[in-house]
Amino acid sequence: MSIVDRPLPILEPALKGVRIIPVLVLDDPERAVPLAQALVAGGLNVLEVTLRTPRALACAEAIAAKVPGAIVGFGTLTRPSQFAQARDAGARFLVSPGLTDQLAQAARDTGLPYLPGIVTVTEAIIAMEHGFRELKFFPAMLNGGAPALQGMAPLLPEIRFCPTGGIRAGHVKEILALPNVFALGGTWLTPADAVREGRWSEIETLAREATTLAAA
Ligand code: 3PG
């Protein structure tokens, strides 16, 4: 079987229908749980915890174990060894900012849904050759935002994107209206000062506003 004939990864049912994925940069497992609870209360239950800080893995693990309403993906996976680690810590899906042959293999080995990051048409084709059809477009706003995604639609009709990077509330409607976008993500829902100061009701409100925008 050639690499292009591999069965397509199928996003688990819980991810089908997701429109907005908060991207979380966390370093305190104590704060991770109430933060995730606030997002879930605001209607956003699919969360990406980025592995970018010393205690990010512990934060992701805490949310996966203690917030039953949350579906936790682990993001910023840049080394093959992180994939099995993420699966063992309770990840339900995996995200990388880019893609290499080794990352593709490590992702397949976990059996979990995987969103590899791409920017160009060539990178998207390489991801497709690895059997991935749902891709992260990152960093989205630096690389053309909605018009760039729209430009790829006729070239790559089988690809569906989750753009992240620079997306704010004002971009949500335009981007989610694109036929080749299944969801978008970002950190604008979890401002660092609100997380630091434990202003969970403010984060719940941001989540609720985003949920309403996505449904409009
Ligand atoms: C990501 O990993 O998807 C980005 O860091 C999110 O970008 P943002 O902080 O601009 O939302």
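This note goes through the ligand site, the open sheet and a few individual residues of the structure.

1. Basis of the values. The model is predicted, so that local features need pLDDT of at least 70 and side-chain atom pairs count only at pLDDT 80 or more, while totals for chains, interfaces and linings use all residues. Residues are numbered from 1 along each chain as its sequence is written, and side-chain values use heavy atoms, with hydrogens and water left out.

2. Polar contacts and cover. A polar contact is a pair of N or O atoms within 3.5 Å; within protein, one must be able to donate a hydrogen and the other to accept it, and residues adjacent in sequence count only if both atoms are side-chain atoms. An N or O atom in the side chain of Lys136 is 2.7 Å from an oxygen atom of the ligand, a polar side-chain atom of Thr164 lies 2.6 Å from a ligand oxygen, and the side chain of Thr187 likewise has an N or O atom 2.6 Å from an oxygen atom of the ligand. Of the 320 Å² of accessible area that the ligand has on its own, the protein covers 85% (Shrake-Rupley method, 1.4 Å probe; for residues, only the protein chains shown count as cover).

3. The sheet. Helices (H or I, at least four residues) and strands (E, at least two) are DSSP runs numbered from the N terminus, and two strands pair if DSSP finds at least two bridges between them. On that basis, 6 strands form an open sheet with parallel pairing, in the order E5-E4-E3-E2-E1-E9. Strands E5 (114-115) and E9 (184-186) stand at the edges, each with a single partner strand, so one side of each is left without a neighbour in the sheet. E5 pairs with strand E4 (residues 93-95) over 2 bridges, and Leu94 has Tyr114 as its bridge partner in E5.

4. All 5 of the 5 residues of E2 (residues 46-50) are buried, that is, under 20% relative accessible area, with exposed meaning over 50% and partly exposed in between (1.4 Å probe, protein chains only). Val46, Glu48 and Thr50 point one way from E2, whereas Leu47 and Val49 point the other way. Strand E1 (residues 20-24) pairs with E2 in the parallel sense over 2 bridges, and 5 bridges join E2 to the parallel strand E3 (residues 71-75), where Val72 is the bridge partner of Leu47.

5. Loop residues. Phe138 and Pro139 are joined by a cis peptide bond with omega of about -10°, and Pro139 lies in the loop between strand E7 (134-137) and helix H6 (145-152). Thr76, in the loop between E3 and helix H3 (81-88), has phi near 55°, a positive value in a residue other than glycine, and is buried with a relative accessible area of 15%. Asp27, in the loop between E1 and helix H1, counts as partly exposed at 32% relative accessibility.
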